Amino acid sequence: MSLPAFNMRELIEAGVHFGHKTKRWNPRMAPFIYGVRNDIHIIDLGKTVPMLHAALSAVRDTIAKNGRILFVGTKRQATDPIAEAARRCGQYYINRRWLGGLLTNWNTIQVSIKTLRKIEEQLIQPNVGFTKKELLSMQRQRDKLEASLGGIKDMGGRPDLLFIIDTNKEEIAVKEAQKLGIPIVAIIDSNCTVDGITYPIPGNDDSTRAIHLYCRLISDAVIDGIQQSMAATAEDLGAREDVAEILAVEIPAETEQKAAASAKEEKGEDDSKRRGGRGRRGGAAKKPPMVQVKKGPPGKKRE
């Protein structure tokens, strides 16, 4: 499967090459800075392109191995793009606030997720038996938990890779992932650092167009990984010697249903034939009267 296509022109049009003002830069980003223009650092896109390609390859390979990716971006510009990209490719996201211990204290987070599910089930029921004040309180608690945990309530465990926008703002998420050894794909602006980031992508992390571009490329890489995983699964199944036994075990219900349906149709046809050959009272149907015509001797006309 091919990785998502992008070129230098798309990066320039999205403003990926614009960094922060020179007085706000991080000296550890010096190798990735091309120059200065109007007191603003210009990021070297010649280094961004291969690093972005490596990050997309890592995302695709993780998904191809049935991994999970967590999109993280809580700044205002990234809130909607992060959620849309994660939903588009069937992954998980945090776009409101990073809860301390979300990765390192996953058991406690699971308790909050169970509470959210319980409240949702109670509010769905038509006759819940609560007062208006209690319902209002439950709705507020539901909305609060949904904003913090709505994007990860179906994750089922720790992610296998993090995609982060603005590592300075998501410093806690970076530290937790580093502590657990979870790989990180992150957008690194001129005021950030590449230390501890597995797959850094030098680029602008404030531009809305740039964030939309990053999210689209990452979600496309996830979709490619899903397709690659499905193709590998189909090949492995066809190459197995016991594929007939597997199919026989996996599709017994469908076979039985088809056999039962065909038997039912045959039985219905037989019953209709039997009903059609009988009279109103169940007796044998009367045959039409036979008319016999007598023939005279040949050559003699009938009078």
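Colleague: Which order do the five strands of the open sheet have, and what is their pairing?

Modeller: The order is 5-4-6-7-8, and the pairing is parallel. Strands are DSSP runs of E with at least two residues, helices are runs of H or I with at least four, and both are numbered from the N terminus. This is a predicted model, in which local features need pLDDT of at least 70 and side-chain atom pairs count only at pLDDT 80 or more, while totals for chains, interfaces and linings use all residues. Residues are numbered from 1 along each chain as its sequence is written, and side-chain values use heavy atoms, leaving out hydrogens and water.

Colleague: How do you know that strand 4 and strand 6 pair?

Modeller: Two strands pair if DSSP finds at least two bridges between them. Strand 4 (residues 69–72) and strand 6 (residues 161–165) have four bridges, in the parallel sense, so they pair. Here L70 stands opposite L162. Strand 4 also pairs with strand 5 (residues 92–94), over three bridges, and there the partner of L70 is Y92.

Colleague: Are the two faces of strand 4 covered or open, and what makes you say it?

Modeller: They are covered: I69 and F71 on one side, and L70 and V72 on the other, are all buried. Buried means under 20% relative accessible area (exposed is over 50%, partly exposed in between; 1.4 Å probe, protein chains only).

Colleague: What makes a set of residues a nonpolar core?

Modeller: Its members are buried Ala, Val, Leu, Ile, Met, Phe, Trp, Tyr and Cys residues joined through side-chain atoms within 4.5 Å. The largest such core has 35 residues, and F71 and F163 touch the most other members. Helix 7 (208–239) gives the most to this core, with nine residues.

Colleague: Where is confidence highest, and where is it lowest?

Modeller: pLDDT is the predictor's confidence in each residue, from 0 to 100. Strand 4 is highest, at a mean of 96, and helix 8 (residues 243–250) is lowest, at 42. For the protein the mean is 82, with 76% of residues reaching 70 or more.
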